[in-house]
Amino acid sequence: MKIKHLISINDLGQDEIDYVFNAAQSFKKGVNNKRLEDKSVATIFFEDSTRTKSSFTLAASKLGMHVLNLEVSQSSITKGESMIDTINTIAAYGTSAVVIRHKESGILKLISNKVNASIISAGEGCFEHPTQSLLDFVTIKEHFGNVKGLKIAIVGDILHSRVARSNIKLLTKLGAHINLVGPTTLVPDYNIPNVKVYHNLTDGIMGANVIYVLRIQKERMDLKFISSFEDYARLYQVSHDTLKNADKDVIIMHPGPKNRGVEITSNLADDGKYSKVLTQVENGLYTRQAIFSLICG
């Protein structure tokens, strides 16, 4: 069982999804697996990152891989070299995989057809972020034991969210029911099974087992989408008071970074009774170890 690239959730079948969960759980239990110590991986980030870049780097290191973090500002890309030439140069050193974050949707599929190394998406424009959705799946299944039948409310800027797109694909594939919640300008219509759209926060999270909060992506939009951040917070901010409409055992998730006081209150974000945010961060490491094992093993 092995795949060449991970650009979309569509690249994974059920066997690969199960493998990622089981391998992530093994790594979390302390399995010290250095079987990739003869492999190399490169990372290229065209957008800023804290959690994704650091966890990919640490995941590779824990597997014994040699890691090249290529700084775009110090590479020949600034001299006009194409990404394809850059990646093929790196691959010529024997690099097994290249982890890429890019602001343009669709570019990784184009690159994957023209290079020798495996391409792993670390987030691509507004298209998808498959490794984030996999770590979210690991966190949800770890907590509830299963995903099938859960009601998951994704609240916020769905329109610009690559995380939302990957989670909708993965979680519905696994049998979850998804509610998309937010203003009409930020929640496009989804005519697919097990996905409903709500523009009222109370209705959208009613009975939810998971409330997945998305940040307002200020870098991808302007105020034509919302009248003000204050108005957005008044209508869609998730707080302790909000939870009375959800399932009594609801958990709160957020992919980070958070805009505290806008999409979620600080008190709720830091409340360990409900918040699984730091568990997501931790599981990001183990999940990305599992992904490297799947693709490079």
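Axes, as the word is used here for helices, are lines fitted to C-alpha atoms over the stretch in contact, and the angles between them run from 0 to 180 degrees between N-to-C directions. In this predicted model, the axes of helix H5 (residues 130–144) and helix H6 (residues 162–173) come within 8 Å and cross at roughly 50 degrees.

**Helices H5 and H6**

- Angles under 35 degrees count as roughly parallel, those over 145 as roughly antiparallel and those from 65 to 115 as roughly perpendicular, with the rest called oblique; the crossing at roughly 50 degrees therefore makes H5 oblique to H6.
- The crossing in which H5 passes H6 is right-handed.
- On the H5 side the meeting residues are Pro130, Gln132, Ser133, Leu134, Asp136, Phe137 and Ile140, while on the H6 side they are Val163, Ser166, Asn167, Leu170 and Leu171.

**Nonpolar cores**

- The largest nonpolar core has 55 residues, of which Ile152, Ile154, Ile178 and Phe292 touch the most other members.
- With eight residues, helix H10 (residues 277–296) gives the most to this core.
- Because domain 1 (5–129 + 281–296) and domain 2 (131–275) both give residues to this core, it lies between them.
- Leaving aside residues up to four places away in sequence, Ile152 touches Ile140, Leu171, Ala176, His177, Ile178, Asn179 and Val210; among these, Ile140 in H5 and Leu171 in H6 also belong to the residues through which those two helices meet.

**Backbone geometry in two loops**

- Most residues other than glycine have a negative phi, and most peptide bonds are trans.
- The peptide bond from Gly256 to Pro257 is cis, with omega near -5 degrees, and Pro257 lies in the loop that runs between strand S9 (251–253) and helix H9 (266–269).
- Asn194, although not a glycine, has a positive phi of about 65 degrees, and this residue is found in the loop between strand S6 (177–181) and strand S7 (195–198).
- Asn194 counts as partly exposed because its relative accessibility is 36%.

**Gly64**

- Gly64 sits in the loop between helix H2 (51–62) and strand S2 (66–70), and with a relative accessible area of 16% it is buried, since buried means under 20%.
- Not counting residues up to four places away in sequence, Gly64 touches Lys34, Leu36 and Glu37.
- Gly64 and Asp48 are 16 residues apart along the chain, and their C-alpha atoms are separated by 25 Å.

Definitions and conventions. Residues numbered from 1 in each chain as written. Predicted model: local features only at pLDDT ≥ 70, side-chain atom pairs only at ≥ 80, totals over all residues. Heavy atoms only, no water. Core = buried A, V, L, I, M, F, W, Y, C linked by side-chain atoms within 4.5 Å. Buried < 20%, exposed > 50% of the residue type's maximum accessible area, 1.4 Å probe, protein only. Helix = DSSP H or I, 4+ residues; strand = E, 2+ residues; numbered from the N terminus. Domains from an automatic or database assignment. Contact = heavy atoms within 4.5 Å. Left-handed = near helix turned anticlockwise from the far one by under 90°.
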